[in-house]
Amino acid sequence: MKALVYTGPNSLAYRDEPDPVPQAGEVLVRIEAVGICGSDMHAYHGHDSRRPAPLILGHEAAGRIVGGARDGERVTINPLVVDPACPYAIEGRWHLSPTRQIISMPPRPGAFAEYVRVPAPNAVAVPATMPITHAALAEPVAVSWHAVRIGMQQLHQPLACCRVVVLGGGAIGLAAAIVARHFGAKDIRIAETNPLRTRLIETEEGFTVYAPGSAGAPADNTIDLVIDAVGANATRAAASAMVRPGGVIVHAGLLPGAEGLDIRKITLQEIIVTGTYCYTPVDFHQTIAALASGALGSLTWFAERPLADGAQAFRDIDAGVASAPKIVLRC
């Protein structure tokens, strides 16, 4: 099969790789669409020891099952592979299980390829009317769905009454704003530094976009719910400043470092700070249903490119010249 292989820092090769062979309880999926994630970029830069080269990256994927009882079934892939007997799985929080594996990390090659093997339950059926590129968005949007849901659980008022700020207008940040809108939020602002991305986000209804440090930035102590989709020192500091007493910060970004949070304010004003990671199986299925029904909008915020041109897509993301928050590679 053809695959886009991470061969070393800032290096990808589109080349022939052995076809995967499904093991007992697995299915083979012919990949038709696969998104580039921020974690793929992190690995591409050589900053993820969990993803050593050479390795096929990619975990935001959809396609069709090849062979077996489900031959031809259209599916999206839940990339989290977990022992169902694990206590975390039993309580419904598969994403926190210490048994967790993720496709695109050894020992499971990823989906920047014509084929990938996954456990049968991880190949989740999607409606025949759902565009396969939308199905490939299920994984990243599920991350945002989970983040917003976690934040809603900590608030003391309906989301419709809340002022919401999302820090970062990438795929996770924009999707978080879209999910917040879906759950009833009326006052949603997105902080974004890239002018190309800002122009695209402004085509979405229901959001105000501002540049950090500009006149449009929120005043201190005014925001009920802050979702930090970047996780940098600067965004943690911004979240700490703008959140109101008793408000909520949901930390979704995965950049390294621990600075930025105002611990004194968090203590004196009873700010709730919570992490969020991945999603539960329920989040994943609810996200698919929302995407398939059109409840999350027109989904025009991603761009498509051939898998063969994936290396250039990575370079364009790196250079900041890709306006779309998400690039989906077509196989």
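Predicted model: local features only at pLDDT ≥ 70, side-chain atom pairs only at ≥ 80, totals over all residues.

1. Residue numbers count from 1 along the chain as its sequence is written.

2. Six strands make up an open sheet with parallel pairing, in the order E13-E12-E11-E14-E15-E16. Strand E13 (207-210) and strand E16 (272-275) are its edge strands, and each pairs on one side only. On average, neighbouring strands in this sheet are turned by 20° against each other, direction ignored.

3. Within that sheet, strand E11 (residues 163-167) and strand E12 (residues 187-191) run parallel and are joined by five bridges. Leu 167 has Ala 191 of E12 opposite.

4. Helix H4 (residues 138-154) touches strand E14 (223-228), strand E15 (243-251) and E16, and its direction makes about 155° with that of E15. Helix H7 (residues 233-242) also packs on the sheet, where it touches E11, E13, E14 and E15; the direction of H7 makes about 150° with that of E15.

5. Glu 192 lies in the loop that runs between E12 and helix H6 (195-201).

6. Not counting residues up to four places away in sequence, Glu 192 touches Gly 168, Gly 169 and Gly 170, together with Arg 197, Thr 198 and Ile 201. Val 209, Tyr 210, Ala 211 and Pro 212 are also among the residues that Glu 192 touches.

7. A second open sheet has three strands in the order E2-E1-E4, with antiparallel pairing. Strand E2 (11-16) and strand E4 (55-56) each have a single partner strand, so one side of each is left without a neighbour in the sheet. Strand E1 (residues 2-8) pairs with E4 over two bridges, in the antiparallel sense. Tyr 6 has Leu 55 in E4 as its bridge partner.

8. Ile 56 belongs to strand E4. Is Ile 56 buried or exposed? Its relative accessibility is 8%, and because the cut-off for buried is under 20%, Ile 56 counts as buried. Ile 56 and Phe 112 are separated by 56 residues in sequence, while their C-alpha atoms are 6.1 Å apart. Leaving aside neighbours within four places in sequence, the contacts of Ile 56 include Met 1, Ala 3, Leu 4 and Val 5, as well as Pro 109, Gly 110, Ala 111, Phe 112 and Ala 113. Glu 17 and Ser 104 are also in contact with Ile 56.

9. In helix H10 (residues 310-319), the buried residues are Gly 310, Ala 311, Ala 313, Phe 314 and Asp 316. These buried residues pack against E1 and E2, and also against helix H1 (38-44), strand E17 (302-306) and strand E18 (326-330).

10. One joins Ala 53 and Pro 54, with omega about -5°; Pro 54 is in the loop between H1 and E4. Another cis peptide bond joins Pro 106 and Pro 107, with omega about 10°. Pro 107 is placed in the loop between strand E8 (101-102) and strand E9 (115-119).

11. Most residues other than glycine have a negative phi. Asn 10, in the loop between E1 and E2, is not a glycine but has a positive phi of about 60°. With 46% relative accessibility, Asn 10 counts as partly exposed. Cys 278 likewise has a positive phi, near 55°, and sits in the loop between E16 and helix H9 (281-293). At 10% relative accessibility, Cys 278 counts as buried.

Notes. Heavy atoms only, no water. Pairing = 2+ DSSP bridges. Helix = DSSP H or I, 4+ residues; strand = E, 2+ residues; numbered from the N terminus. Axes fitted to C-alpha atoms, helices over the stretch in contact; angles between N-to-C directions. Contact = heavy atoms within 4.5 Å. Buried < 20%, exposed > 50% of the residue type's maximum accessible area, 1.4 Å probe, protein only.
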